[in-house]
Amino acid sequence: ETPMRSVGWLGCALVLLVGVADAASAQERPPPRVDLHENYPNPFFPSTTIPFVLNPELCERGHQPLVSLKIYNVLVQVVAVPVLLNSNGERLDGLRLRCGSHEAFWDGKLLDGKNRELTQGVYYAQLTVDGERYTLKMIARR
């Protein structure tokens with residue numbers, strides 16, 4: 001009877017140690033280099049703002065990350081490129097940005113050259129920073 005109890009205690013001790021190791025490794029993970037926040041308002045119609053943060057470790061040694069933001073429809077077609085707020089209306093397409101908080105604005109107009117407004121449905125904002133992609137689901141609804 002005694003050997004079973006010691007195995008039981010050993011098993012409990014191993015579970016505790018593994019659990020502690022998982023918690024420790026979770027704390028050692030570096031923070032994300034980019035935070036893509038939920039657009040607001042969401043659902044939106046016709047326009048929305050998309051906030052994102054480029055964290056300081058991206059800008060070590062004076063590096064300015066290369067940033068693009070594109071809006072896709074459910075058919076994975078690029079339908080818009082938002083503008084960077086507090087810029088001179090620059091489209092967020094291959095811009096070198098400083099680290100910190102930024103906001104992109106989409107007026108709901110499509111890139112089809114006809115100045116048409118978006119239709120209701122699901123859209124995806126894909127932020128690309130130095131080649132890494134971050135995606136956000138957005139809902140357009142009147």
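Keep in mind that the model is predicted.

Stay on Asn73. The residue sits in the loop between E3 and E4. Show its side chain, which reaches the backbone nitrogen of Leu75 at 2.9 Å. Now display its surroundings. Leaving aside neighbours within four places in sequence, Asn73 is in contact with Val79, Val122, Tyr123 and Tyr124.

Zoom out to the whole chain. Colour by secondary structure: there is 1 helix and there are 9 strands. Of the 142 residues, 32% count as buried. The chain exposes about 9,300 Å², and carbon and sulfur atoms supply 55% of that.

Next, the core. The largest nonpolar core has 29 residues. Select Ile50, Phe52, Ile71, Leu92, Trp106, Leu127 and Met138, the residues with the most contacts inside it. Then highlight the elements that give two or more residues to this core: strands E1 (34-36), E2 (48-54), E3 (66-72), E4 (78-80), E7 (100-106), E8 (121-129) and E9 (132-140).

Last stop: Leu92. Which residues does Leu92 touch, not counting those up to four places away in sequence? Select Phe52, Val67, Ser68, Leu69, Val81, Pro82, Val83, Leu84, Leu97 and Ala104.

Terms used. Residues numbered from 1 in each chain as written. Predicted model: local features only at pLDDT ≥ 70, side-chain atom pairs only at ≥ 80, totals over all residues. Heavy atoms only, no water. Core = buried A, V, L, I, M, F, W, Y, C linked by side-chain atoms within 4.5 Å. Buried < 20%, exposed > 50% of the residue type's maximum accessible area, 1.4 Å probe, protein only. Helix = DSSP H or I, 4+ residues; strand = E, 2+ residues; numbered from the N terminus. Contact = heavy atoms within 4.5 Å. Areas by Shrake-Rupley, 256 points an atom, 1.4 Å probe, with all protein chains shown as cover. Polar contact = N/O pair within 3.5 Å; in protein donor to acceptor, adjacent residues only side chain to side chain.
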